[in-house]
Amino acid sequence: GPMPDWVDPTDAPWHHRREDIRALHVTGAVTSIGGFAFENCPLLRTVALPESVTVIGESAFAGCTALSTVTLSDSVRSISGGAFRDCVSLQEITFPAGVVDIGPDAFAGVTATLRYPACYTMWDAVAGQNYGGQLTWEPYGDAAAVELASGTEGTTRWKLNSYGEMIISGTGEVPLAYSAILEKYGNDICKLTIEEGITGIGYSAMSNRYLEKLQSIVLADSVT
């Protein structure tokens, strides 16, 4: 589950041993790194996060002046404000997958290269900003769209690509089961295309609470 968010770094149970921490390897089912969790660990050099971690909390690694290597998983979706503030040894972070929400001053005092996959066009709104530091944004890999996920629900089929487009095809009505799909992938969707053959959208199947980044919708004539 989530790590607690501490309001003061001295509240973290390992704070009194912070000068002994040189590497952090998170395991198990931890889903977040708590706010102020590892602030001012002066000898912390490497951080590796597992697939289960989706959130890096406020000022989680702020002031870790020796931190030079951070390994992020595909699952990270949010880096909170001040998370890597004053990590002056940090030179490069590679984002392996979908777009990440980055909070204010997340990289304040940092001069580094942030690499992101070229095939994820939703990064365009993020790349180029400095978040309080001096950042160089560098795309890598093939810019062609790749399929991220797909599935079947009733008489309908869906697929999501790295351009942020979800395409729904098949026949009949989009069922309620899509709400669970959107809850999981909604952060990666900026365009929704419903193809010919789909006749309607079921009640609450497309809840907008999961589609905060949706920019456009294309509806086939068959949708009534």
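The legends below describe several close-up views of a predicted protein model.

**Figure 1. Overview of the predicted model.** The protein contains one helix and 17 strands. Along its principal axes, the C-alpha trace extends over about 65 × 35 × 25 Å. The chain holds 224 residues, and 48% of them count as buried. Among contacts with a separation of 6 or more, 45% are made by residues 24 or more positions apart.

Figure 2. Pro9 lies in the segment before strand E1, which covers residues 23–25. Its relative accessible area is 15%. Because a residue under 20% counts as buried, Pro9 is placed in the buried class. When its neighbours within four places in sequence are left aside, Pro9 is in contact with His15, Phe36 and Glu39.

**Figure 3. An open sheet of four strands.** The strands follow the order E2-E4-E6-E8, and their pairing is parallel. Strand E2 (32–33) and strand E8 (101–102) stand at the edges; each has a single partner strand, so one side of each is left without a neighbour in the sheet.

**Figure 4. The pairing of strands E6 and E8.** Strand E6 consists of residues 78–79 and pairs with E8 in the parallel sense. Two bridges join E6 and E8. Within this view, Ser78 stands opposite Asp101, a residue of E8.

Figure 5. How many disulfides are counted in the model? The count comes to zero. For Cys41, the nearest cysteine sulfur belongs to Cys64 and is 4.9 Å away. A disulfide requires two cysteine sulfur atoms within 2.5 Å, and Cys41 is in no disulfide. Cys41 is buried, with a relative accessible area of 1%. For Cys119, the nearest cysteine sulfur is that of Cys190, at 13 Å. Cys119 is likewise in no disulfide. With a relative accessibility of 9%, Cys119 counts as buried.

**Figure 6. The largest pocket and its lining.** Rolling a probe the size of a water molecule over the atoms shows where empty space is left. The largest pocket has a volume of about 440 Å³. It is lined by 20 residues, of which Arg77, Lys184, Tyr185, Asn187 and Asp188 are the closest to its centre.

Figure 7. Ala177 is found in the loop between strand E14 (172–174) and H1. Is Ala177 buried, partly exposed or exposed? Its relative accessibility is 33%, and Ala177 therefore counts as partly exposed, a class that lies between the limits of 20% and 50%. Met206 is 29 residues from Ala177 in sequence, and the two are 9.5 Å apart in space, C-alpha to C-alpha.

Notes. Residues numbered from 1 in each chain as written. Predicted model: local features only at pLDDT ≥ 70, side-chain atom pairs only at ≥ 80, totals over all residues. Heavy atoms only, no water. Buried < 20%, exposed > 50% of the residue type's maximum accessible area, 1.4 Å probe, protein only. Contact = heavy atoms within 4.5 Å. 1 Å grid on protein atoms, 1.4 Å probe; cavity = no way out; pocket = protein on both sides within 12 Å on 5 of 7 lines; lining within 4 Å. Points joined across faces, edges and corners; volume = space filled by probe spheres on them. Pairing = 2+ DSSP bridges.
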